Amino acid sequence: QELTDFEALKGAGAVALSDDGVPVQNANLMRDGLILAHRQNLTILSHCEDADMVKNYAVNEGRISRQLRLAGRPAIAEELMVARDAMLAEETGGAVHICHISTAKSVALVRRYKRKGVQITCETCPQYFSLTEDEILAQGALARVNPPLRTKADVEAIIEGLKDGTIDAIATDHAPHSEEDKLKGMAGMVGSETAFGVCYTKLCKEEELPLELLSHLMSTRPAEILGLAKGQLEPGYDADFVLVDLDTPYTVDKNKLHSKSHNCPFDGAQLYGRVCATVKGGELTYQAEE
């Protein structure tokens, strides 16, 4: 509803500004934000959805929502806001990063404005290129997330956007909600521990995406967008890296996840790319038991 002190935040070490998943509905406020952020050389991270259109609806507006006789969360609600923020970034010269895009038209919009030289980047999440709205029928509330799981055509467009460079990064939107909260209809799913396995299996094994590109999407490029000394094995960068087993399949067991909760839609999935160890700042922070 109002802007924070961008200059003070930059001085305190902030590397970007975020709406934290609550979209800025006032276009003039977003415009002012992009102008001020541009002066501070900060990027605004935007969750793009029109709140009046999506309300608290649970699933994508379409075949599944009609089958379940539920009010749907329409794709146009995301696409209108992506278009708005892209146009505002073009007009102000500010940098905007679109969080977890999920529709084919959103990908097309970002592609169009990137070609015009606008400072726009974007990310998606593993669920948006590996699951469709049909998962609601199989998993119910476990498959509820904002924005919602979309159609097969949207999944294919997301994958194409990852391949051609339109989509800059893969994030998780990790949301560890309790089983009680999920049964009440809260949207979100855990994603940190399954992210690499889902990405490697779906994108590299099935879609023949080069492993180097996946590493770029999950580490190097996100660090570049935020101006962090991470994502590369080079002198002067933080010694953060992971060791993974690319060859041995494993089965996801939600009860063995280290997250605060187990709301995982990939429970039981067979994946490749198990994380064996993590190193942060040169220190071993995780090692698989096996």
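How many of the 5 residues of β12 are buried? The number is 0, so β12 lies largely in the open; buried here stands for under 20% relative accessible area, with exposed over 50% and partly exposed in between (1.4 Å probe, protein chains only). The model is predicted, so to speak of local features a pLDDT of at least 70 is needed, while side-chain atom pairs count only at pLDDT 80 or more, and totals for chains, interfaces and linings use all residues. Residues are numbered from 1 along each chain as its sequence is written, and side-chain values use heavy atoms, leaving out hydrogens and water.

Strand β12 belongs to an open sheet of 3 strands, ordered β8-β11-β12 with antiparallel pairing. Strands (E, at least two residues) and helices (H or I, at least four) are DSSP runs numbered from the N terminus, and two strands count as paired if DSSP finds at least two bridges between them. The edges are taken by β8 (241–245) and β12 (283–287), each pairing on one side only. On average, neighbouring strands here are turned by 20° against each other, direction ignored, with axes being lines fitted to C-alpha atoms (for helices, over the stretch in contact) and angles running from 0 to 180 degrees between N-to-C directions.

Going strand by strand, β11 (residues 274–280) and β12 pair antiparallel over 4 bridges. Thr 278 sits opposite Tyr 286 of β12, and Lys 280 faces Glu 283 in β12. The two strands make a hairpin with 2 residues between them, and Gly 281 in that turn has a positive phi of about 60°. On the β8 side, β8 and β11 pair antiparallel over 5 bridges, with Leu 243 opposite Ala 277 in β11.

Then there are the nonpolar cores, meaning sets of buried Ala, Val, Leu, Ile, Met, Phe, Trp, Tyr and Cys residues joined through side-chain atoms within 4.5 Å. The largest has 39 residues, and those touching the most other members are Ile 98, Ile 120, Phe 129, Leu 162, Ile 170, Leu 203 and Leu 214. Elements giving it two or more residues include α2 (27–39), β5 (95–98), β6 (120–124) and α12 (211–226), while α5 gives the most, with 6 residues. Leaving aside neighbours within four places in sequence, Ile 120 is in contact (heavy atoms within 4.5 Å) with Ala 86, Val 96, Ile 98, Val 110, Tyr 113 and Lys 114.
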